[in-house]
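Trainee: I should like to go through the reasoning behind the terms used for this structure. Please set each value against its definition.

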Amino acid sequence: MVFSLAMLAVTLAGCSVTVADPDYTPPPPLPALEQLKQAPLTDPAAFAAGEDVLAFVTADRNIVCALTSARGPHLNLPYETNNFSDPGNAKLATVPVAHCELAAYPAPAATDIADDCSGTGLGYLGGTALATPGQARYGECRSGITQMEAEYGPKGTPGGPVSKLPVLPDGGNLERNGLRCSAYHSGVACGNVSGGVGFFISRDHYELISAKGKNVQTVPAKAPKTP
């Protein structure tokens with residue numbers, strides 16, 4: 001009698017069990033520029049990181065990005081020491097940029113090494129990406145590790161400026177001065193939608209998109225990551 005009443009209660013409550021469809025195939029992720037174009041824009045208020053700068057980290061703490069400005073090679077970053085505000089750089093043109101750093105990342109392809117670092121003793125290393133209104137690149141000349149690696153890399157110690165930034169959830173899409181960044185598909189896409197320029201980065205591959213086409217580079221996650 002008790003069992004029957006219990007079954008009746010379940011029936012009256014209208015409980016149902018959802019069973020996954022074994023034949024369902026999730027749709028493929030959108031191309032980077034389509035993601036930036038189609039994803040709804042996120043309220044930027046929570047991502048303000050200084051005057052006219054938006055910054056965020058991904059939920060897995062593998063990527064940090066800033067929608068910010070550059071004066072020549074000097075970037076206004078809330079997570080890296082920089083010379084953007086030095087009086088001597090005020091005469092340089094200010095350009096909107098999207099900049100990202102990764103904790104784990106692929107090495108740059110030989111065709112994407114944009115600088116021979118001649119005479120500096122530095123190496124052209126992966127782990128950073130930069131988009132301007134007209135171009136995108138992956139990697140840079142540097143020695144040592146980035147702030148993102150210092151906090152969340154294999155030997156990192158969280159607690160620095162990156163750890164204090166808000167998380168942009170999957171599907172979030174931020175815009176500043178014509179450039180957008182969106183967290184999706186275990187990575188981040190940033191770029192200029194109207195100009196057809198941008199990049200997608202993740203821990204195991206990256207993609208550079210130019211107005212003339214795109215170059216896709218895939219590298220195993222165990223590829224050399226740090227100097």
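Trainee: Why is Asn 62 called buried?

Mentor: Buried means under 20% relative accessible area, exposed means over 50%, and partly exposed lies in between, with a 1.4 Å probe and protein chains only. Asn 62 has 4% relative accessibility, so Asn 62 counts as buried. This is a predicted model, in which local features need pLDDT of at least 70, side-chain atom pairs count only at pLDDT 80 or more, and totals for chains, interfaces and linings use all residues. Residues are numbered from 1 along each chain as its sequence is written, and side-chain values use heavy atoms, with hydrogens and water left out.

Trainee: Where does Asn 62 lie, and which residues does Asn 62 touch?

Mentor: Asn 62 is in the loop between strand 1 (54–57) and strand 2; helices (H or I, at least four residues) and strands (E, at least two) are DSSP runs, numbered from the N terminus. A contact requires heavy atoms within 4.5 Å. Not counting residues up to four places away in sequence, Asn 62 touches Glu 101, Leu 102, Ala 103, Ala 104, Met 148 and Arg 203.

Trainee: How do you know that strand 1 and strand 2 pair, and in which sense?

Mentor: Two strands pair if DSSP finds at least two bridges between them. Strand 1 and strand 2 have four bridges, in the antiparallel sense, and Val 57 stands opposite Val 64 in strand 2. The two strands form a hairpin with five residues between them, and Arg 61 in the turn has a positive phi of about 55°.

Trainee: Which bridges join strand 2 to strand 4 and to strand 3?

Mentor: Strand 2 and strand 4 pair over nine bridges, again in the antiparallel sense, with Ala 66 opposite His 99 in strand 4. Strand 3 (residues 74–75) runs antiparallel to strand 2 and is joined to strand 2 by two bridges; there Arg 71 stands opposite His 74. In this hairpin, with two residues between the strands, Gly 72 takes a positive phi near 60°.

Trainee: What makes strand 2 largely enclosed?

Mentor: Nine of the nine residues of strand 2 are buried, so strand 2 is largely enclosed by the rest of the structure.

Trainee: How do you know that Cys 65 and Cys 100 form a disulfide?

Mentor: A disulfide is a pair of cysteine sulfur atoms within 2.5 Å. The sulfur atoms of Cys 65 and Cys 100 are 2.1 Å apart, so the pair meets the definition. The torsion about their S-S bond is about 110°, so this disulfide is right-handed. Cys 65 lies in strand 2 (residues 63–71) and Cys 100 in strand 4 (residues 94–102), so the link ties together parts that are 35 residues apart in sequence. Cys 65 is buried at a relative accessible area of 0%, and Cys 100 likewise counts as buried at 0%.

Trainee: How many disulfides are there, and what is their pairing in sequence order?

Mentor: The structure holds three disulfides. Numbering the bonded cysteines of the chain in sequence order gives the pairing 1-2, 3-4, 5-6.

Trainee: Why is Cys 141 called partly exposed, and what is Cys 117 called?

Mentor: Cys 141 has a relative accessible area of 25%, and is therefore partly exposed. Cys 117, at 7% relative accessibility, counts as buried. These two form a disulfide with sulfur atoms 1.9 Å apart, and the link is left-handed, with -90° about the S-S bond.

Trainee: What makes the disulfide of Cys 181 and Cys 190 right-handed?

Mentor: The torsion about the S-S bond of Cys 181 and Cys 190 is about 110°, so the disulfide is right-handed. Their sulfur atoms are 2.0 Å apart, and both cysteines are buried.

Trainee: How much confidence does the predictor attach to the chain?

Mentor: On the pLDDT scale, the predictor's confidence in each residue from 0 to 100, the chain has a mean of 87, and 84% of its residues reach 70 or more. pLDDT stays under 50 over residues 1–12 and over residues 218–227. Where pLDDT is low, the predicted coordinates should not be read in detail.
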